[in-house]
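Thank you all for coming.

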Amino acid sequence: MTRRPGRHFLQIPGPTNVPDRVLRAIDRPTIDHRGPEFAQLGKHVLEGLRTIFKTSGRVIIFPSSGTGAWEAALVNTLSPADKVLMYETGHFATLWQTMAKRLGLDVEFLPGDWRHGVDPAQIEARLAADRDHAIKAVAVVHNETSTGVTSRIPEIRKAIDSVRHPALFFVDTISSLGSMEYQHDAWGVDVTVAGSQKGLMLPPGLGFNAVSERALAASKTNRMKRSYWDWDDMLKSNPAGFFPYTPATNLLYGLREAIAMLHEEGLENVFARHRRHGAATRAAVEAWGLEVLALDPREYSASLTAVLFTKNYDADHFRDLTLERYDLSLGTGLGKLKGKIFRIGHLGDLNDLMLMGTLAGVEMGLHAAGVPYRPGGVQAAMGVLTQPVVTSRLGKSEVVPVS
Ligand code: PLP
């Protein structure tokens, strides 16, 4: 392969760019995972994660991808043939329900159009009709990475509460944690599922479950079989800073650094930065005359934007060209959206100029691929990013429109 000068632009919606600080933190000798130095590291990251999930409860770290953390949530809380209510927001919600079925759960999958998030009213209606409480869990994806649509978790919680339904509530935050507001405790979530490779700015390889007291209680009596994914083994070892089997030590060094970086910037500022980048990206898409896949502005994702491609043009051909010519990786369309959309990841360790470079790459790619578009997307995004940012008393920085 010929040498490509400069940095590759990894603008898929995860894995995201790993900052140099995290790479340097990982680049250290692996230590004895049963020794005193490791115990310090273990305790530090387990405690630090609570501040990211916003929980005073337990967070469990698996050496796994996010898919493993999905499985752990199900097998630690449910019993064979239990009814689970899920909602078809897109490809990842579909994969999670497929997993639940394979594990022998009885899934009811409310159909969706892949352009909207979970409809809290539908959840409420379904739970209201479930008078004998056959449904044991409601499981949803917070930010559907295949569509760029963010569901309104507090409203779904409210829907569950309004009919006083006792179902457990599981939320996948794989592409939202560390990029947008999320509160495990305050939002009444029983199991939050997450992964290392997106908002947490780490390489792939860690999966997380934040667990409520109710979920822990369920894990004491549920009947699904598990071994590797058993929370109990973790919960016994973790207080001393250890793990029941060999942990991903070097990723934990990176996690310690990433948590420090998120707090140095301030979580509110991190979330505001993601919202600004989402707004700038959507301004570009609109100016190009293309369509944002998400239809409801309340559900626009702050971590990625899915762009519906012009009919008769293959979005993957365009993506191939941006990679070949500009060394820019954009996200492919998944499942039934294959070839119809491309996705711009704007999450993780990203600044204004990295976003502008990305959008310039997209605009040049549209030109190179001969796609009908209007020039000016980059300019429109710049218009958003050059608006003044104010930092409020609460440390929240936000774009204020110029009057
Ligand atoms: N859920 C969501 C929302 C995702 O975006 C992904 C991966 O991109 C997954 C689940 C699956 O995670 P993993 O690929 O780490 O197993």
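Seven strands, in the order S2-S10-S9-S8-S5-S3-S4, form an open sheet whose pairing is mixed, where strands (E, at least two residues) and helices (H or I, at least four) are DSSP runs numbered from the N terminus, and two strands pair if DSSP finds at least two bridges between them. This is a predicted model, in which local features need pLDDT of at least 70 and side-chain atom pairs count only at pLDDT 80 or more, while totals for chains, interfaces and linings use all residues. Residues are numbered from 1 along each chain as its sequence is written, and side-chain values use heavy atoms, with hydrogens and water left out.

At the edges of the sheet stand strand S2 (58-62) and strand S4 (106-110), each with a single partner strand, so one side of each has no neighbour in the sheet. From one strand to the next, the twist averages 20°.

Let me stay with strand S3 (residues 83-87), which pairs with S4 in the parallel sense over 5 bridges, and in which lysine 83 stands opposite aspartate 106 of S4.

Now to the helices. Helix H10 (residues 267-288) packs with helix H12 (residues 352-368) at an angle of about 20°, their axes being 11 Å apart; here axes are lines fitted to C-alpha atoms, for helices over the stretch in contact, and angles run from 0 to 180 degrees between N-to-C directions. That makes H10 roughly parallel to H12, a term that covers angles under 35 degrees. In contact, meaning heavy atoms within 4.5 Å, Arg276, His277, Ala280, Thr281, Ala284 and Trp288 of H10 meet Asp352, Leu355, Leu359, Val362, Glu363 and Leu366 of H12.

Note on methods: Parallel < 35°, antiparallel > 145°, perpendicular 65-115°, else oblique.
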